[in-house]
Structure formats: C-alpha cells, structure tokens
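Please look over the structure shown below before reading the notes.

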Amino acid sequence: MDLGIEGKVAAVGGASTGLGKAVAWALAREGARVAICARGKEQLEHTGLALNRASGREIFAYPCDLATESGPKEFVEATVKELGKLDILVCNAGGPPATISSKTPPDAWSEALELSLLSTIRMSQAALPYMRRNGWGRIICMTSVSVKSPLPGMILAGGEARPGLGQYRRRSDDRTRRQHPGRPHGRPEGAGRPGSVSRLGVCRVHHRHHHPNRRRLRARAALAGSHSGDDV
C-alpha cells in the first residue's frame, strides 16, 4: 500500500516499544523520516537503530517525558530542528497502570490526565504552527478501545482522560476547519482506538481481575493478529 507519505516527516510519541514502535515502523516502511520519543534513553536508542536497520529510513530518537509540561513541546521542536519540518504527528504515550476505581488514589487520576490527555493537547498545539507553515499536516490521536467498551481493571485507561481526548480532537478539528476552509491542512486530526496490542499484556490484565470471558478475549486477540510492536 502506498500512503503517499514518501519523504514526509513523522513524529511518534511513546515509541520505544509496543504500539508506538509499531506505528513508527509502519511510517518508516512507507518512506517517512521518523522521530520517536520515550522516557527510557537506552531502550529508545535501541529501537531507533532497529527501525533504521529494518526500514533504511532516517530515525531520530529523542528521550523525553511526555507527561511533563515541557516534554511534548521539546519533542516537537527537536524534531523540526533535526529533520527540518513536521508533517505527521502521532500522539501516543504509555498507558496508565491497571487498577480499579476503589483502589485508585486522586494522584493517579492527575497522572493519567497528564499522560493521556494533556500530553496530546500540548503536542498538538506545538505541532500545528509547523503544519500550517507547510500547508499540509496530519495529527493522529491514539486512545483506547476501552473508551467505548470498558474493560475490567482499566478505569484509568477508559475513565476521563481518553474520552476527554476524543472531545478535544473533535472540537479542535471543527475550529481548524473553520479557520482554514478548503486548505489541505483544514482537517488534520483523527483518532484511533486500538484494541489488543499485546496479547500477553491484555491477558495479564484480564486474568488479574478474573474477567469471565478472558479465554474468548485471548482467542479474539490472536485471531486479530495483535502485536506488541517488538517483532521489528
């Protein structure tokens, strides 16, 4: 499949492992130059080398923490400085820990908001001026299937942060379209709700909380060909 992104510059958050790594690999395979970020420098650099070897494309690895106020903007600006521009932004960050409502302290909700909602808002706000300068851009916001289909033990993943992300995406999309009608970047944003990314991780969560349909979920994940992103 030719996505028409040969030579485009893409930035992918939370891309040292899992879903982010798989997205970065897919973009590089389609001909994009890709910037990736994560908190762990050693794993991130290892992933960058692996993606470069597998795709032959330029991979820029920038360690930072997207859950901080400055991290998202730093990542976007470092990408533009290193690769010259920014065309595609994939807002993704490591998911919050598995927990249930009765055992979730207030601080955990604040951390989930920083990680899953505010990181996306900050990255998007930092990226839009560069995309408008290009006259083209795409922003993809990764959420979770638990937003529409709640999963046991995943109250933080499907609680307030990721549904809030969907509302932010829709409203910012309308605002951008009104400000730039008919422009190629007039509708730059979309949201993805991935299902089972890691068979092992999903089954561990369901087993921990004694999900009655965990065998069916395990089989469905296997049939869907879910991946951890670590097969690159």
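The points below are grouped by topic.

This is a predicted model. The protein holds 7 helices and 6 strands, and its mean pLDDT is 76.

**Overall layout**

- The protein has 232 residues, and 46% of them are buried.
- Counting contacts between residues at least 6 apart in sequence, 72% link residues that are at least 24 apart.

**Confidence of the model**

- A pLDDT of 70 or more is reached by 60% of the residues.
- Over residues 190-212 the pLDDT stays under 50. The model has 51 contacts beyond four places in sequence for residues 190-212.
- Residues 220-228 also have a pLDDT that stays under 50. For residues 220-228 the model has 16 contacts beyond four places in sequence.

**Helices H1 and H2**

- Helix H1 covers residues 18-29, and helix H2 covers residues 41-55.
- H1 and H2 pack with their axes 10 Å apart, at an angle of about 30°. An angle under 35 degrees counts as roughly parallel, so H1 is roughly parallel to H2.
- H1 and H2 cross in a right-handed way.
- On the H1 side, the contact is made by Lys21, Ala24, Trp25, Ala28 and Arg29. On the H2 side, Thr47, Leu51, Ala54 and Ser55 take part.

- Thr47 lies in helix H2. Its relative accessibility is 0%, so Thr47 counts as buried.
- Leaving out residues up to four places away in sequence, Thr47 touches Ala15, Ser16, Lys21 and Ile36. Lys21 is one of the H1 residues in the contact between H1 and H2.
- Gly18 is located in helix H1. Gly18 has a relative accessibility of 17% and therefore counts as buried, since the limit for buried is under 20%.
- Gly18 and Gly94 are 76 residues apart along the chain, while their C-alpha atoms are separated by 8.9 Å.

**Helices H3 and H4**

- Helix H3 covers residues 71-83, and helix H4 covers residues 106-134.
- The axes of H3 and H4 are 8 Å apart, and the two helices pack at an angle of about 30°. H3 and H4 are therefore roughly parallel to each other.
- The crossing of H3 and H4 is right-handed.
- H3 contributes Pro72, Lys73, Phe75, Val76, Glu77 and Val80 to the meeting of the two helices. These residues meet Ser119, Arg122, Met123, Ala126, Ala127 and Tyr130 in H4.

**A residue of H4: Ala126**

- Ala126 belongs to helix H4. With a relative accessible area of 13%, Ala126 is buried.
- Apart from neighbours within four places in sequence, Ala126 is in contact with Lys73 and Val76. Lys73 and Val76 are among the H3 residues that meet H4.
- Ala126 and Pro72 are 54 residues apart in sequence, and the distance between them is 7.7 Å, C-alpha to C-alpha.

**A residue in a loop: Asp65**

- Asp65 sits in the loop between strand E3 (59-63) and H3.
- Is Asp65 buried or partly exposed? Its relative accessibility is 28%, so Asp65 counts as partly exposed. That class lies between the limits of under 20% for buried and over 50% for exposed.
- Setting aside neighbours within four places in sequence, Asp65 is in contact with Arg39, Gly71 and Pro72. Pro72 is also one of the H3 residues that meet H4.
- The C-alpha atoms of Asp65 and Ala93 are separated by 9.3 Å, and the two residues are 28 residues apart along the chain.

Note on methods: Residues numbered from 1 in each chain as written. Predicted model: local features only at pLDDT ≥ 70, side-chain atom pairs only at ≥ 80, totals over all residues. Heavy atoms only, no water. Helix = DSSP H or I, 4+ residues; strand = E, 2+ residues; numbered from the N terminus. Buried < 20%, exposed > 50% of the residue type's maximum accessible area, 1.4 Å probe, protein only. Contact = heavy atoms within 4.5 Å. pLDDT = per-residue confidence, 0-100. Axes fitted to C-alpha atoms, helices over the stretch in contact; angles between N-to-C directions. Parallel < 35°, antiparallel > 145°, perpendicular 65-115°, else oblique. Left-handed = near helix turned anticlockwise from the far one by under 90°.
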